[in-house]
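Please read the briefing below alongside the sequence and the coordinates.

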Amino acid sequence: MNDTRRIPVPEEGPGRFGSGPRAWLLRLAASPRFQRFAARNPLLARKARREGEAIFDLMAGFVKSQVLFAIVDMDVLTRLSHGPCAAEAAAPGLPAKNARLLMDAACATGLVSKGRRGYRLTTRGAAFLAVPGGQALVRHHAIFYRDMADPSALLRGDAAPELARFWPYVFGAGAAEDPEQARAYSDLMADTQRLVADDTLRMVDLSGAREVLDVGGGTGAFLTALGQACHEPRLHLFDLPAVAPWAESRFRAAGLSQRARITQGSFRDDPLPTGADVITLVRVLYDHDDATVRALLEKARSALPEGGRIVISEPMTGGARPHVPGDVYFAFYTLCMETGQARSQARIAELLAEAGFERIEAPPARRAFVTSLVTAFRR
């Protein structure tokens, strides 16, 4: 009989992978003989090829990230935005052979294509250029990737990650006395905040709010987006003194100075201002451990009137259904920061309930790699 029609049967009984039907299936998938059979069988070949491609894509992930870093670091996409060109012109300064190597790798990422006139941007490459803070985010990944060079040591707690030193701002007012350091943090956050603000405001309607207090709002990127989208709420920012001047400048440039005010302080050390009927925490909780989050949520409850609303927006893990943005990228990013952790919507809902909030809602995220949302009301 043709061996493409004879399914290799794994041995029965307990052993590797345990016992039972699922263990039998796992032994079958792990059998090199079955894999060879599946690759030749017309009914299984497509599935086998997809699985093989997925495994290889997983192994190649770090190299792809480094190719993207090189593309951004050498301003390749910006150069191609002016029109198609040869590899040596797209990546000047490299030996011709390596320039072609980089540009062909760029083609494989889908950001670039090549034709008779040379290399050119794809629609994906153009879209990437338009992502607010996208290239700055990739450049700062150099630190993150160094921290991830030995993930086992990182997980054991034997590493000293650089990200923990790069973001001293999150440790509180005492660590944010250097305005330039605080601004570096806030600028990167603000650059990428527009996407977060847009997705947040699509998932929650704040047009009926009387006053929105954005705690830890940095340079005011979220409140500016809110003020431009909704004309009614008063805008109130609460954050460290080091970032207040840039928030004032942002509100002034957006024509929102008459609606916006800033209270300087640290939510770790000071009580939150009262008077707002909505408190927003945008990309704040995942910077901090549970003890700090519990204390912050209790302060938020104290600052809100009865029936006041809290809105939490930040990247979250998938909980029962882990996903790459939350459970791979942001989970390890916050592990490197050593100050917080990515949490699921369910976990944040638990913390809100402990703090005295009710009517907790966790709508489906539009784009989990941008942000997810949990809202609740004060009991």
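This is a predicted model: local features need pLDDT of at least 70, side-chain atom pairs count only at pLDDT 80 or more; totals for chains, interfaces and linings use all residues.

Residues are numbered from 1 along each chain as its sequence is written, and side-chain values use heavy atoms, with hydrogens and water left out.

**Whole chain**

- The chain has 16 helices and nine strands, where helices (H or I, at least four residues) and strands (E, at least two) are DSSP runs numbered from the N terminus.
- The C-alpha trace spans about 80 × 60 × 40 Å along its principal axes.
- Of the 379 residues in the chain, 45% are buried; here buried means under 20% relative accessible area, exposed means over 50%, and partly exposed lies in between, with a 1.4 Å probe and protein chains only.
- Taking contacts (heavy atoms within 4.5 Å) between residues at least 6 apart in sequence, 66% join residues at least 24 apart.

**The contact of α3 with α6**

- Two packed helices are described by the angle between their axes and the distance between the axes.
- For α3 and α6, the axes come within 10 Å and cross at roughly 115 degrees; axes are lines fitted to C-alpha atoms, for helices over the stretch in contact, and angles run from 0 to 180 degrees between N-to-C directions.
- The crossing of α3 past α6 is left-handed, a term used if the near helix is turned anticlockwise from the far one by less than a right angle, with right-handed used if clockwise.
- On the α3 side the contact involves V67, A70 and I71, and these meet L102, A105, A106 and T109 in α6.
- By class, this contact of α3 with α6 has six nonpolar, one polar and no charged residues, where Ala, Val, Leu, Ile, Met, Phe, Trp, Tyr, Cys and Pro count as nonpolar, Asp, Glu, Lys and Arg as charged, and the others, Gly among them, as polar.

- D75, in the loop between α3 and α4, has a phi near 55 degrees, a positive value in a residue other than glycine.
- With 31% relative accessibility, D75 counts as partly exposed.
- R283, in the loop between β6 (278–282) and α14 (290–303), likewise has a positive phi near 55 degrees without being glycine.
- R283 is buried, with a relative accessible area of 9%.

**Single residues and their separations**

- I143 lies in helix α8 and is buried at a relative accessible area of 14%; 20 residues separate I143 from L163 in sequence, and their C-alpha atoms are 6.4 Å apart in space.
- N98, found in helix α6, is partly exposed with a relative accessible area of 37%, and the C-alpha atoms of N98 and R366, which are 268 residues apart along the chain, are separated by 39 Å.
- E298, found in helix α14, counts as partly exposed at 45% relative accessibility, and its C-alpha atom is separated by 8.8 Å from that of E354, 56 residues apart along the chain.
- L351, in helix α16 (residues 345–355), counts as buried at 2% relative accessibility.
- Leaving aside neighbours within four places in sequence, L351 is in contact with D290, V293, R294, L297 and R343, whereas the C-alpha atoms of L351 and A225, 126 residues apart along the chain, are separated by 27 Å.
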